[in-house]
Amino acid sequence: YCWIEGDKRIILLQFSVGQEVDGVLSDPFMAMIPPVEQYSNGYTLATVSDGVQNYTHFMNLYIPKDFFQPSKIFLNDQSLEELNVTFTAIQHLGVTEMYGAQVEISGGVQTLKHFNKAAGIGVLVYGFS
């Protein structure tokens, strides 16, 4: 994880170069990282689940330091604390600004909710078969 900011408008993309480079069974992909201004306190997320193919799904979470309360953030009615999600501090000039985590999720509909209505969480969902 790293902290990126600009003094003009920017767009941030995440690249996965594919299995030939990092050894992870996946195709290359590119995803837009949501800006902090578009974070929300709740999401309903859909992932593929057709019962025929095996799918692996992930959710990357980005939580600003002021709203980092794993016991008050719930994924499908279980707190992130109960799920033992491992977070990484994202620092800028030696100061923690945000926390990030990668969470493996199952296929189907997922709900993510922060019980602080003023809180914002960034989410990126992706996966492969």
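Q110 counts as buried, because its relative accessibility is 2% and the cut-off for buried is under 20%. The model is predicted. Q110 sits in strand β9, which covers residues 108-114.

## The open sheet

Four strands make up an open sheet. Their order is β7-β8-β4-β10, and the pairing is antiparallel. The edges belong to β7 (88-92) and β10. Each of these two has a single partner strand, so one side of each is left without a neighbour in the sheet. On average, neighbouring strands of this sheet are turned by 25° against each other, with direction ignored.

As background, strands of a sheet pair through backbone hydrogen bonds, and the pairing may be parallel or antiparallel.

## Strand β4 and its partners

Strand β4 spans residues 56-64. It is mostly covered: of its nine residues, eight are buried. In the sheet order, β4 stands between β8 and β10.

Take the β8 side. Strand β8 covers residues 95-105 and runs antiparallel to β4. Eight bridges join the two. Two pairs can be picked out here. I63 stands opposite Y99 in β8, and P64 stands opposite M98 in β8.

Now the β10 side. Strand β10 covers residues 122-128. Seven bridges join β10 to β4, and these two strands also run antiparallel.

## The largest pocket

How much space lies in the largest pocket? The volume is about 760 Å³. The lining of this pocket has 24 residues. Closest to the pocket centre are I4, L12, I33, P34 and P35.

What is the make-up of the lining by class? It has 18 nonpolar residues, with three polar and three charged residues beside them. Strand β1, residues 13-16, gives the most to the lining of the largest pocket. Its share is three residues.

## In brief

Strand β4 is joined to β8 by eight bridges and to β10 by seven. The largest pocket holds about 760 Å³ of space, and its lining includes 18 nonpolar residues.

Notes:
Residues are numbered from 1 along each chain as its sequence is written. This is a predicted model: local features need pLDDT of at least 70, side-chain atom pairs count only at pLDDT 80 or more; totals for chains, interfaces and linings use all residues. Side-chain values use heavy atoms; hydrogens and water are left out. Buried means under 20% relative accessible area, exposed over 50%, partly exposed in between (1.4 Å probe, protein chains only). Two strands pair if DSSP finds at least two bridges between them. On a 1 Å grid over the protein atoms alone, a cavity is a set of points where a 1.4 Å probe fits but cannot get out, and a pocket is an open set with protein on both sides within 12 Å along at least five of seven lines; lining residues have an atom within 4 Å of a point. Grid points are joined across faces, edges and corners, and a volume is the space filled by probe spheres set on the points. Ala, Val, Leu, Ile, Met, Phe, Trp, Tyr, Cys and Pro count as nonpolar, Asp, Glu, Lys and Arg as charged, and the others, Gly among them, as polar. Axes are lines fitted to C-alpha atoms, for helices over the stretch in contact, and angles run from 0 to 180 degrees between N-to-C directions.
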